[in-house]
Amino acid sequence: MREATGQPETLPYMPVFMDLRKGRPCLVIGSGDMAGNKTALLRRAGADVRNMGAADFTPAALDEVALVVDAADDARLTATLVDLARARGVPLNVVDKPEFCDFIFPAILDRSPVVVAVSTGGLAPALARLIRQRLELAVPSAFGRLARLAGEFRRKVQDALPTTRQRLRYWDEVLDGRAGELAMHGRDDEARAEMERLLGRTAAGGADPGPGMVHLVGAGPGDPELLTLAAIRAIKRADVILYDHLVGEGVLEFARRDAERISVGKRAGRHSVKQTEINALLLEHACRGRRVVRLKGGDPLMFGRAGEEAEYLRRHGIEVSIVPGVTAALGCAAAAQIPLTLRGVSRSVQFVTAHCLDDDATRAMDWGRLANPDGTLAIYMGRSQLAHFSVRLIEAGLSPDTPAAAIENGTRPDERRCFATLATLPARAAAELGDGPTLVMVGAAIGHRPREAAVPRDEPEPARYAMERAGAG
């Protein structure tokens, strides 16, 4: 931002990191929470903190201190401190009164030894805290481990690479490449080995990027707000992303603009890329030294075939990491406020997929175990087989009146819910829902959802649960 003169706008404060280690003396005047907070922060920075009340202050207290904090909220004392501190060249902070301050305390993001400080010049401390919270997404705690590892190699890199350009090239490859990823995942020995390899290659003028790494990432049930921090970081750093149709809108917006995005389908009833082709694509891009993300709806290990892909890649010498995601049953249940387990009602949860359910798979299923009246059954991709599941579960002994729900496009803006009984849900879902991905839940706990999500008036509530609630008063 520039003024009309074309000169840079004056900074309200000069950002400076002060070394208070080895017990440098600092003075905090006052009592209460603010004085306590400043004392704790200064001690955390290694300072020798001297505390006193406003009535105990004398000018001699300023002798040889590195800085002073006025948290006494005493206007007369503040005026005295301003004059004394400036005459002695001692930096002064007056809590919540920036007009008297020589320095202010920023909002701090601590990823030691990485420290990020955010300031609004004392105008809006709450905004500084909000910015710090946003930065927490971009600066994970593992950055501290990465910084320490880089510190180990700093002198070695300076000795091996004589030019600034070589050193910058090396650190770019380390910090934003495979070595950095290994360090971020706590695999320090492997990261050191990769850094040594890169250092030797860079010193020799080589250009072999080495193999990349594949992240199998859970994108959650649809709502991008349900992504994990690890998932967001992986998506942001990816060179290429292979994603399913089940990945919700907005999730890919976290990707870099230059990242290559490849749709590989994977949605029931739709054309999709064969698994063998997906495996080959993952291997091809990883062998080119690229950072690859395989983005899957829900959790990659819950009916996501992540195990197959990981096994295939490891057989070919490719590093794999798996980032969990919120699986559809958990996301849909939370959005509809349906308890999957409930004391005295449901003691267990079973997850099953209806995808590609044929006659052999139907015969192999243990319908007696699935028809558990004391548990909740979550059926993934169950829309096309809903009528079949209803019949077989009733045949296996589950009451036709058991509460059931079908949730289409769960957690997304276009989510639709259908509540009924096990016997009536197939017809109700066919009439009320579209062709989006649908999760089906069956079990007594579903009857305990909030009143605003109750069964429509034209669908009588199962008598058993209506009586239970009436008796509970």
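A cavity is a set of points, on a 1 Å grid over the protein atoms alone, where a 1.4 Å probe fits but cannot get out. A pocket is an open set with protein on both sides within 12 Å along at least five of seven lines. Lining residues have an atom within 4 Å of a point. Grid points are joined across faces, edges and corners, and a volume is the space filled by probe spheres set on the points.

The model shown is predicted: local features need pLDDT of at least 70, side-chain atom pairs count only at pLDDT 80 or more, and totals for chains, interfaces and linings use all residues. Residues are numbered from 1 along each chain as its sequence is written, and side-chain values use heavy atoms, with hydrogens and water left out.

**View 1. The second largest cavity has a volume of about 40 Å³.** By the rule above, the model has two cavities of 30 Å³ or more.

**View 2. The largest pocket holds about 1,200 Å³ of space.** Its lining comprises 31 residues. Val16, Phe17, Met18, Pro106 and Ile108 lie nearest the centre. Helix H1 (33–44), strand S5 (107–111) and strand S6 (114–118) each give the lining at least two residues. Helices (H or I, at least four residues) and strands (E, at least two) are DSSP runs, numbered from the N terminus. By class, the lining has 23 nonpolar, three polar and five charged residues.

**View 3. Phenylalanine 103 and phenylalanine 105 form an edge-to-face pair.** Rings of Phe, Tyr and Trp (its six-membered ring) pair if their centres lie within 6.5 Å; planes under 30 degrees apart count as stacked, over 60 as edge-to-face and the rest as tilted. The count comes to five aromatic pairs. In the pair of phenylalanine 103 and phenylalanine 105, the centres are 5.4 Å apart and the planes stand at 65°. Buried means under 20% relative accessible area, exposed over 50%, and partly exposed in between (1.4 Å probe, protein chains only). Phenylalanine 103 has 17% relative accessibility, so it counts as buried. Phenylalanine 105, at 24%, counts as partly exposed.

**View 4. Tryptophan 367 and phenylalanine 389 pair across two helices.** Their ring centres are 5.1 Å apart and their planes at 70°, so this pair is edge-to-face. Tryptophan 367 lies in helix H13 (residues 367–370) and phenylalanine 389 in helix H14 (residues 386–395), so the pair ties together parts 22 residues apart in sequence. Both residues are buried.

**View 5. Two lysines sit over phenylalanine rings.** A charge sits over a ring if NZ of Lys or CZ of Arg is within 6 Å of the ring centre and within 35 degrees of the ring normal. Lysine 38 lies over the face of phenylalanine 105, 5.2 Å from the ring centre. Lysine 156 places its charged end over the ring of phenylalanine 153, 4.8 Å from the centre.

**View 6. Helix H15 (residues 425–432) has buried residues along one face.** Leu425, Pro426, Arg428 and Ala429 are buried. Down the axis of H15 they fall within an arc of 165°, so they line one face; the arc is that of the directions from the helix axis to the C-beta atoms. The face turned away from the buried side carries the exposed residues Ala427, Ala430 and Ala431.

**View 7. Serine 112 and proline 113 are joined by a cis peptide bond.** Omega is about 5°. Proline 113 is in the loop between S5 and S6. Most residues other than glycine have a negative phi, and most peptide bonds are trans.

**View 8. Glutamate 64 and phenylalanine 303 have positive phi values.** Neither residue is a glycine. Glutamate 64, with phi about 65°, is in the loop between strand S2 (48–52) and strand S3 (67–70). It is exposed, with a relative accessible area of 73%. Phenylalanine 303 has a phi of about 60°. It lies in the loop between strand S10 (291–296) and helix H10 (306–315), and is partly exposed at 35%. Ring pairs also link Phe303, Phe351 and Tyr380 into a cluster.

Technical notes
Ala, Val, Leu, Ile, Met, Phe, Trp, Tyr, Cys and Pro count as nonpolar, Asp, Glu, Lys and Arg as charged, and the others, Gly among them, as polar.
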